[in-house]
Amino acid sequence: MDVLALSDAKVGSVGVVDRVDLPDEVSDYLAHLGFLPGTSIEILRRAPAGDPRVYRIDGVEVGLRNETARHIFLRLNSDAANEAK
Amino acid sequence: MSCHSTIAEPFEETAPVPAGTARMRTVALIGPPNCGKSTLFNRLTGMRQKVANYPGVTVEHHSGKMKSIGRSDLTLIDLPGIYSLATYSEDARVAVDVLTGKMPGVPKPDCVLLVLDSTHMNRQLMLAAPVFSIGLPTLVLLNMSDQLEARGGKVDTLALARELGHPVALISAAHGIGLDVIPEFLLRAGSRPNDGLRPVQLPVLQSAASCRTWATQVTSRTKYQSPTASMWTRRLDGVLLHRIFGPLIFLAVVIAVFQVVFTIGQPLSDGLGALLTSAGAKAALLLPDNWLRALLRDGLWNGVQSVLVFLPQILLLFLFIGILEDSGYLARAALIADRVMRSIGLNGKAFIPLLSAYACAVPAIMATRTIENKRERIATILIAPFMTCSARLPIYTLIIAAFIPNQKFLGGVIGLRAMVMLGLYLLGFLAALATAKMLNSSVMKAVQAPFILELPQYRWPTIGSLSLRLYDRGKLFLKKAGTVILAVTFLVWVMSVLPIHGGQFSSLSASVIGRLGHWIEPVIRPLGFNWKIGIGLLSSIVAREVIVGTLGTLYGMDPATHALGLQTALRHDITLGGAIALVVFFAFAMQCTSTLVVVRRETNSWKLPALQFLYMTGVAYVAALVTNQVIMRLF
């Protein structure tokens with residue numbers, strides 16, 4: 001299974017958070033929003049300007065700039081990945 | 001209206017309630033951001049703290065007596081939302097300090113009401129572990145039961161109570177459902193000795209990851225069913241965050257606000273003005289023709305009523321702000337606008353404080369407490385007063401109605417007046433952008449905190465909550481008219497009849513204020529302002545609306561313009577260039593003592609407010625000068 005940065009995943013794809021490579025202060029905040037290894041995540045939509053994008057994590061919608069999402073990695077669900085192809 | 005519900009107790013035997021042992025005095029409300037703490041606080045105390053549908057509305061602690069449930073002996077403390085007991089931002093520090101009894105002047109809470117959003121239990125329960133570990137009697141309130149049920153979620157409060165070792169109840173603060181458990185709990189919490197019997201297993205290491213694992217275990221053991229995603233929110237976001245329609249709708253919403261303020265608001269305020277003028281004239285007839293009548297009618301009434309007439313327009317503006325805030329659209333607007341914010345080097349978190357500055361800069365500056373980065377916080381404080389606050393509305397609408405023709409475009413959909421108003425709002429916004437850019441490229445260069453924004457579910461704004469907002473706003477506006485504006489117009493009147501020569505009042509231009517006005521006139525003459533406007537500007541350092549009151553008084557006292565309305569009087573007395581320069585001046589100038597005081601309080605020094613005042617006044621002067629000179633040469 002591929003691990004890729006959240007910012008590189010296509011809108012509509014679904015996966016599981018693999019790891020968060022951000023300073024403690026930021027990753028702690030993100031963790032409380034659900035960004036922890038093992039949580040399922042969906043790339044829901046992009047803001048009109050393309051960035052930030054909206055992620056659905058554990059029932060909550062969160063907007064993140066790509067500069068932040070670049071440091072969060074996910075494993076795509078294989079079926080979702082196949083669908084995307 | 002509340003239907004009966006019970007507390008799910010962790011233990012079968014509930015101790016009988018002995019009378020007279022209740023020692024509860026202080027109750028703290030705690031929970032994650034946007035879970036409805038302030039809504040519950042308002043329900044229990046009958047007070048009206050600001051609530052809205054986005055995280056981070058409450059940034060201070062507020063106390064109130066629990067009057068609404070007949071317990072005036074108990075103090076309830078509403079706290080800013082927190083995710084954990086870690087304190088990265090100012091507002092979270094306030095919450096944790098109060099909770100642990102470290103906040104000077106606030107008694108340590110005797111028990112805790114932990115409010116959690118029942119629609120996101122996995123995430124919300126993470127806060128339960130650190131809150132329980134503080135060791136205070138805690139009632140867990142699962143809020144938004146109406147939404148949970150409507151979207152097919154289920155929670156077993158009894159199982160959860162056993163798992164947590166603390167009583168649990170399902171409530172809806174917005175609809176007042178299930179709240180009778182709270183007095184019941186408080187009675188028991190006061191009587192039950194600390195039995196130390198909590199069989200709850202808390203995560204050993206209270207890191208986010210371990211709290212999360214714990215929370216997930218708890219919810220799965222208690223068979224929590226999370227509700228399905230709101231289809232409405234998804235569909236609406238599909239349109240409102242659409243690549244093309246999203247920004248277009250955003251623009252349309254903004255234009256609609258100004259259009260309504262003019263097409264509906266203007267006739268209403270003209271009507272109110274006519275009513276107030278005739279009421280004043282009739283009342284004046286009852287008084288003998290002496291100095292008292294002159295004071296009451298020409299001085300106070302003229303001044304105060306010229307501000308009062310803007311009540312309908314202010315209320316309309318706040319109606320719109322209320323709908324946008326309560327529905328959840330504001331967070332989407334933040335998402336759409338983030339690109340612009342980033343281009344000037346501002347944190348995404350600055351957006352919400354800046355947006356609330358459109359109502360008033362004072363709460364906006366307080367809302368910057370949610371920004372962790374100190375430099376970015378100061379940058380946001382510095383630019384917030386450039387956002388067009390509602391106190392600028394009276395002078396804007398007065399000048400626009402007097403000088404801008406009521407022309408319509410696009411088949412009457414868009415009016416010239418609304419567009420000029422929009423232009424003034426844009427002007428303030430651009431000044432903020434330029435200032436932020438300047439700060440960013442010089443002193444404020446700092447690592448940017450990331451933009452992380454929760455998008456709340458859309459909710460229908462309730463008529464009740466909107467009318468409460470309008471009532472509060474209306475009251476605030478009337479109170480200001482009855483205090484600050486009344487006081488300043490009184491002062492202006494006194495200064496405009498003194499000195500008294502041989503029992504006769506001075507003529508306006510020979511009076512103290514006339515001489516002061518003429519003395520400062522050379523400074524403002526190039527801007528197209530006369531001495532009356534100059535006095536208006538001086539008086540409006542107190543608050544922006546005051547200028548309208550001062551002008552009302554001055555023009556009402558001048559025999560030449562006495563019989564005219566304020567709009568007509570202004571049209572006779574200043575040029576188009578001067579009029580537009582005046583509103584441009586107000587777009588930039590820092591005419592607000594309350595803002596200066598709150599900046600001083602938030603930054604603990606007079607340095608920033610002094611700098612802000614000089615900078616903004618300087619910009620305002622130059623911009624007004626350029627405006628007047630350009631218009632003078634063009635027309």
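**Entry 1: strands inside chain B**

I started with strand 1 of chain B, residues 26-30. It pairs with strand 4 of chain B in the parallel sense, over four bridges. The model is a predicted one, and I keep that in mind throughout. I looked up one position in this pair: L29(B) stands opposite L113(B) of strand 4.

Next I checked the pairing of strand 4 of chain B with strand 5 of chain B, residues 138-143. These two are also joined in the parallel sense, and I found six bridges. Here V115(B) has L141(B) in strand 5 as its bridge partner.

A reminder to myself: strands of a sheet pair through backbone hydrogen bonds, either parallel or antiparallel.

**Entry 2: where the chains touch**

I turned to the contact between the chains. On chain B, 29 residues are in contact with 26 residues of chain A. Which elements of chain B each supply at least two residues to this side? I noted helix 3 (121-124), helix 8 (208-221), helix 10 (245-263), helix 14 (329-343) and strand 9 (452-455). I then sorted this side of chain B by class: 16 residues are nonpolar, six are polar and seven are charged.

**Entry 3: a sheet across two chains**

I found four bridges between it and strand 5 of chain A, residues 60-64, and the two strands run antiparallel. I looked up two positions. E61(A) stands opposite L455(B). L64(A) has I452(B) as its bridge partner.

What is the order of strands in the sheet? I traced seven strands in the order 1(A)-6(A)-2(A)-3(A)-4(A)-5(A)-9(B). The sheet is open, and its pairing is antiparallel.

Helix 14 of chain B lies across strand 5 of chain A together with strand 9 of chain B. The helix runs at about 145 degrees to strand 9 of chain B.

Conventions
Residues numbered from 1 in each chain as written. Chains lettered and ligands numbered in written order. Predicted model: local features only at pLDDT ≥ 70, side-chain atom pairs only at ≥ 80, totals over all residues. Contact = placed C-beta atoms within 7 Å. Nonpolar A, V, L, I, M, F, W, Y, C, P; charged D, E, K, R; others polar. Pairing = 2+ DSSP bridges. Axes fitted to C-alpha atoms, helices over the stretch in contact; angles between N-to-C directions.
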